[in-house]
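Me: I have a new structure to get through today. Please walk me through it in plain words.

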Amino acid sequence: MEKMKNEKMNRPELLYKLIQDLKKKEPGKEIPTSDLLIGRLIFDKDLCYGCAACAKNCPEEALTVEDVENIRTIFYNFSKCAFCGKCIRNCPKDAISKENVFDLPGFLTRKTGEINNFNLIMCECCNEVIGTEEQLKEAAEDMLKLPEFCEYELEKLCDKCKTKKFGNKWFLFNEKEKNDTEK
Amino acid sequence: MCEIESALCKNRVEGNSGIIAACSKKYLSESDCDIRKIAMLMDSESAGKNVVALLSGIKPGAGNFNKNKIKNSALVIGGGFAGVHCAMELSNLGVETTLVEKEPVLYELACKIGFVFPSDDCSLCVGNDSDDGNWASRKCIYRKNFNNENLKILNNSEIMGLDGSAGNFKVTVKRKKSRFNENCTMCGKCVEKCENITINQGQLSYPLTPVVSENCEQCKKCMDWCEFDAINFDCGEEIIKPDAGAVIVATGGDAEKTQRAKQGENVITQLDLAEMLRDNNFDNIKNKNVVMLQCMDLRNEKKNKYCSGVCCLYALKHAIEIKKRFPDTEVTICYIDIRSTGFNERYYDEARELGVNFVKGTTTPDEWNNFNKILYVEDQLSDELIKLKPDMLVLSTGFSPDEKLNELAEILDIGVNEHGFVESPHEKIGSNLTTRKGIFACGVSREPKDIPATINQAKACAVDVFKFLNQQNVTGAEIDLDKCVMCGKCADVCPRNAINFCEDADFIEINKIACDNCGTCASFCPEFAINANQNVDFEQLKNIDENSTAILYCIECAEAGLERLSYQGMKLPKNYYLFPGNCAAAISIVDILRMLKNFNKILIAGCPDKHCRSGRGNETAQERVAFIKELLKEIGIAGDRVDYTYLSSYRTEQFMEKVMKNGENEK
């Protein structure tokens, strides 16, 4: 409705600032919201396998991912969340859902909470991150369902190293499979 | 990183690019895709080219991005006076028109009526079109060239669903296939032999086709009788999906309901009487005592509070017709008021001259049945109880909306008023609009009216639709793509499906034809990237008294309400400030909190229920206000500083109440 004075500030930040300016006491309760406004996000820790698609897609940096040594941690900061629902749409495991509750005390603390952490698997050759343990486990299970066993997939190598080792055979295989499925 | 790499990283194209899709599907997950892409580029030039080709040739979201073009087509629902005239005009204007009728034939009601006022001629004549050069000449529906190449008639059809947005609707129509195919010559052999097959309405119907009743036992004997192989029992249903730039609701009034109103023997409706007069079937009327009861179920506190506007006239028309043919027949009209407006007053004068009795006062047919066929009517002019002994009781039942209109309104997402007719956003200048852009309404589905008015409105509606389909400078909300973060929230909240958003292709665009300019998207955008042409300048309001109240109102209903109140002499206190906005939904939570710094109270005035031009703007505003009230309570501020009220020209009471309450509190 109105042109913002400070154009750099986005809606969640402005909301935080306005509530801080107006508030006369510390809030203690969560507030129910409607479906349209969306509220807090809920994460299903068991379903999540740490692909970090949510963090990569988050436009407001409310969801972030950190890889420290062999541990990947996913963080959620409610105060930055714009409730756009992009993470919900992008989660391959449908592990994120919304709850019609606005966590006002949580919003005002501006704290980043840890959602989940995973062990990472590194490339045996160059020590690059390949994926989380759960991801590779699931990929290996998928592998068994394939019509033709593919040795490349079980190697604990990153893509670059795989290409170095096997040439471009491995992704040509993928292409072949793609053509098969299209047929 | 080279250009291609950055393009690859920026555009997550897994869904579109075949190779990458295959990789991501079979291998790990999205997190690995970027690595894979780069690996491909590094080690295989051809693969790189492949990806580039795929990227440049992306057809995101199955290539459905030409939505902004308006389809030059329209879909008319209902094949009565309004629907037929509207469809004929539109097809003559070059619009591809589909006419959907739930019955096997068009003009069902018109066929029953026979002759009509004010011209006292056959109901089936339609206006001539310009081909003959003579606009005023009459032409029967059978002689009129109905085979306009732009006009497609779907009989036996119903609307099942509506997708898309204004300018590009996709309508799902379910059509029952007819048992009679085009070989039928209307020879009538099957009609003679089988009770369940009739030629509709004494051969007055379009298109000409026999009609099978529900009692058909499917014995299939008619197939043997037919010499032309015109009957097939393998009919079933088909789903048709016509395109429609605009949809016109012309479902008309309920003729069935008048039939249901019949109670007891020798009680008929005016529609039955019209059929008798049409067929010269006078056995039950000739030289007998006929009593007509006006305003059945109408102008009644308990049932319908409106006047149907046509019943007085058709009662007079029928009374005159009977009196002219059989002067010895006693005709009595029991009325509340005779409403023969305009030049139609001549019907009343003529009826008086011919000796039709008028009794001011009416009753119900129940009384007649209870009192042994004697009807007692209290004459309000003489204060006497008049005893009538009718042989035939004729009920003047008026229009009620089609019984399926409510269902249809749900499908089309349009508003319905308290009487069950289609709601208009502006009764005066937009009487053939509905609360949804791109959907129009005409005829009795809007309000009860007579045939000339229906035809006039249908033609006016055709012009409105034509204008809509050929609009040029469209205004609507705009997205600043530099600020946009592609979160897709706007596409989620848009009540009109007007935002084309493809996440995989990083594509977002507002379809301005469908856009209502309500500003709902702008009020949710986390980056303030949408400009919905809301032009309130808060900068001017720096020196505002702390006790003042802001009234944020929508420029549709609420503005009309404020105008009405100002005519009534309402003066707002000095410290009340008015802010117009396109819709109540455009006022975001942040806006309200921001205004709370300057204003003591904030009142948001939106449209009454089901009257919102943008579908659910008033509901969104109410949800927000409820949320803010809770939020304010939590942070220690009185929740009643923010309030919502509906306001329109005819519903001002809640607004007045809230303004008065505010005023008192301040004192």
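Reply: One term to begin with. An axis is a line fitted to C-alpha atoms, and angles run from 0 to 180 degrees between N-to-C directions. Also, this is a predicted model.

Me: Ok. At about what angle to β27(B) does helix α19 of chain B run?

Reply: About 120 degrees. Helix α19 covers residues 557-567 of chain B and lies across β27, β28 and β29 of that chain.

Me: In what order do the strands of that open sheet come?

Reply: The order is β28-β27-β29-β30 in chain B. These four strands pair in parallel. From one strand to the next, the twist averages 20 degrees.

Me: Which strands stand at the edges?

Reply: β28 (576-581) and β30 of chain B. Each has a single partner strand, so one side of each has no neighbour in the sheet.

Me: And how many bridges join β27(B) to β29(B)?

Reply: Five, and the two strands run parallel. Here is a pair to look for: I551(B) has L603(B) in β29(B) as its bridge partner.

Me: Which strands does α21(B) lie across?

Reply: β29 and β30 of chain B. α21(B) runs at about 155 degrees to β30(B).

Me: New topic, α20(B). Why is it described as largely enclosed?

Reply: Eight of its 10 residues are buried, so the rest of the structure largely encloses α20(B). Among the buried ones are I589(B), V590(B), D591(B) and R594(B).

Me: What do the buried residues of α20(B) pack against?

Reply: Elements from both chains. From chain A there is α1 (11-22). From chain B there are β27 (549-554), β29, α21 (617-634) and β30 (642-646).

Me: Where is F599(B) found?

Reply: In the loop between α20 (589-598) and β29 (601-606) of chain B.

Me: Is F599(B) buried or exposed?

Reply: Buried. A residue counts as buried if 20 or more other C-beta atoms lie within 10 Å of its own. F599(B) has 24 within 10 Å, so it passes that cut-off.

Me: Which residues does F599(B) touch?

Reply: Leaving out residues up to four places away in sequence, F599(B) touches I544(B), S548(B), T549(B) and A550(B).

Me: Another topic, the open sheet with five strands. What is its order?

Reply: β15-β21-β16-β17-β18, in chain B, with parallel pairing. β15 (267-269) and β18 (357-360) are the edge strands, and each pairs on one side only. The average twist from one strand to the next is 25 degrees.

Me: How many bridges join β16 to β21 there?

Reply: Five bridges join β16 (residues 289-296) to β21 (residues 392-397) of chain B, and they run parallel. M296(B) stands opposite T397(B) in β21(B).

Me: What does α12(B) lie across?

Reply: β16, β17 (330-335) and β21 of chain B. α12(B) runs at about 170 degrees to β16(B). Helix α11 (residues 270-278) of chain B lies across β15 and β21, at about 85 degrees to β15(B).

Me: At roughly how many degrees do the axes of α12 and α13 of chain B cross?

Reply: Roughly 35 degrees, and the axes come within 9 Å. The crossing of α12(B) and α13(B) is left-handed. Residues in the contact include L316(B) and I320(B) of α12(B), with Y347(B) and L354(B) of α13(B). By class, the contact has eight nonpolar, no polar and four charged residues.

Me: How many bridges join β1 of chain B to β14(B)?

Reply: Four, and β1 (residues 73-77) runs parallel to β14(B). V76(B) has I248(B) as its bridge partner. Three bridges join β14(B) to β22 (residues 439-441), also parallel. There, V247(B) partners I439(B).

Me: Last one, chain A. What domains does the assignment give?

Reply: Domain 1 (11-120) and domain 2 (122-182). Eight residues of domain 1 and seven of domain 2 make the contact. On the domain 1 side, strand β7 (residues 112-122) gives the largest share, three residues.

Me: And how many helices and strands does chain A have?

Reply: Seven helices and eight strands. Of its 183 residues, 32% are buried.

Conventions: Residues numbered from 1 in each chain as written. Chains lettered and ligands numbered in written order. Predicted model: local features only at pLDDT ≥ 70, side-chain atom pairs only at ≥ 80, totals over all residues. Domains from an automatic or database assignment. Contact = placed C-beta atoms within 7 Å. Left-handed = near helix turned anticlockwise from the far one by under 90°. Nonpolar A, V, L, I, M, F, W, Y, C, P; charged D, E, K, R; others polar. Buried ≥ 20, exposed ≤ 12 C-beta atoms within 10 Å, placed from the backbone. Pairing = 2+ DSSP bridges.
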